[in-house]
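Biologist: I have not looked at this one before. Can you take me through it?
Modeller: Go ahead and ask.

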Amino acid sequence: MDPGSVEKAAAALLDAYATRTPIAPLTASHPGMSVADAYAVQLAQVEAWTGAGARIKGHKVGLTSAAMQRQMGVDQPDFGVLLDSMFFQDSAPIDTGRFLQPRVEPEVAFVLGRPLAGPGATAADAVAAVEYVLPALEVIDSRIADWKITLPDTIADNASSGGVVLGTRPVRLDGLDLSLMGCLLHRDGDLIDTGAGGAVLGSPINALVWLANVLGERGVTLEAGHVVLPGSITAAVPVAPGETLTATFAGIGSVTARFGKEART
């Protein structure tokens, strides 16, 4: 894609945010869009957001589990940026109206105590960089109508990022085996799904290493204090106004997302 097409695609997604109106897949209007093109579209939006005062507070890795890849019809992970406006408090009401078609994913959030840079980052480097983990629920969202996305569509759309709810009890990695860690996902008290950390590229740590190396190739370092979401342990579940979802992780506790009863218009 030429620079003008990149800017046009980014403008269409920014307009979808502003008007709360999903758009047709970008790959329909830009059939030759590559993964590299899609990341250029994502970057153009990030630059627009930060230029307007938003702050980058971390990154997310998406599409790391076989369940999510099957659900979304893709075959490789992707990444997006987490902005300060995307973070919500545990158990506090969330304005459902800020999203277009939200879904929720249980994840283990890494909080970095020191920078992590690739390429060449290893699992040992990643473990050494993590200060602690928190239980998390990511709210994914799509500006693409009816979630009819290809890999370039979701990448361009900031990896379908919407928001994140973090638990409040930090837990050190010492003694934790994230690959074996189980998770229970409840909606309004009913168990709706289960999973284990091994669903995320074998271990959430592997997703953190993947992200550090991919970003390193682009000259980006994961910063101390930033949050990294490594990918969902289960398939994403749709959420509606008035619902409450809770994820409980063995060894690290639980986190709750409460969605307002009425969507904002």
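Biologist: Where is Asp146 found?
Modeller: In the loop between strand E6 (130-140) and helix H6 (151-156). Helices (H or I, at least four residues) and strands (E, at least two) are DSSP runs, numbered from the N terminus. This is a predicted model, where local features need pLDDT of at least 70, side-chain atom pairs count only at pLDDT 80 or more, and totals for chains, interfaces and linings use all residues. Residues are numbered from 1 along each chain as its sequence is written, and side-chain values use heavy atoms, with hydrogens and water left out.

Biologist: Is Asp146 buried or exposed?
Modeller: Exposed, at 58% relative accessibility. Buried means under 20% relative accessible area, exposed over 50% and partly exposed in between, with a 1.4 Å probe and protein chains only. Asp146 also has a positive phi of about 60 degrees, though it is not a glycine.

Biologist: And what about Ser160, buried or exposed?
Modeller: Ser160 counts as buried, at 3% relative accessibility. Its phi is positive too, about 55 degrees, and it is not a glycine. Ser160 sits in the loop between H6 and strand E7 (161-166).

Biologist: Which residues does a cis peptide bond join?
Modeller: Gly118 and Pro119, with omega about 0 degrees. Pro119 is in the loop between strand E5 (103-112) and helix H5 (123-129). Most peptide bonds are trans.

Biologist: Changing topic, what is Leu222 in contact with?
Modeller: Beyond its neighbours within four places in sequence, Leu222 has contacts (heavy atoms within 4.5 Å) that include His59, Leu112, Pro115 and Val228.
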